[in-house]
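Let's take a walk through a protein model together. Have a look at the picture first, and then we will go through it step by step.

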Amino acid sequence: MNWLLRSLLRVVLIASLLAVCLAVALTAGLILADAGALGTCQDGTCQLVAAIYVMPIGGVVLFLATLIVWSIINTRRSKR
């Protein structure tokens, strides 16, 4: 039962980590859109670009980078 609880906790942790990474990427994309770095905002399309391109790509890249760093830290900790 203990291993099941730990596995469930890891699943919840990873899912919440993905949600946070996507939220951070969307926030960064919207800040870039408001600053005008994603093109001209004649009809609000730069916010759409931030939501369609920046958020999924940036969020997944941030998520993978976080998982890689987490894995490296845990591997080094287990070798000690």
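How many residues does helix H2 have, and how far does it reach from its first C-alpha to its last? Helix H2, covering residues 45-79, has 35 residues and reaches 50 Å, close to the 51 Å expected at 1.5 Å a residue. Keep in mind as you look that this is a predicted model.

Now follow H2 along its length. At Val54 the helix bends by about 40 degrees. Within four residues after that point comes a proline, Pro56.

Next, consider which parts of H2 are hidden. Cys46, Ala50, Gly59 and Phe63 are buried. An α-helix has 3.6 residues a turn, so residues three or four places apart point the same way. And what lies over the buried residues of H2? Their cover includes helix H1, residues 2-35.

Let's step back to the whole chain. It has two helices and zero strands. Its radius of gyration is 17 Å, well over the 12 Å that the globule rule gives for 80 residues, so the chain is more spread out than a compact globule.

Terms used. Residues numbered from 1 in each chain as written. Predicted model: local features only at pLDDT ≥ 70, side-chain atom pairs only at ≥ 80, totals over all residues. Heavy atoms only, no water. Expected span 1.5 Å × (residues − 1). Bend = angle between axes of the 7 residues up to and from the residue. Buried < 20%, exposed > 50% of the residue type's maximum accessible area, 1.4 Å probe, protein only. Contact = heavy atoms within 4.5 Å. Rg over C-alpha atoms; globule rule 2.2 N^0.38 Å.
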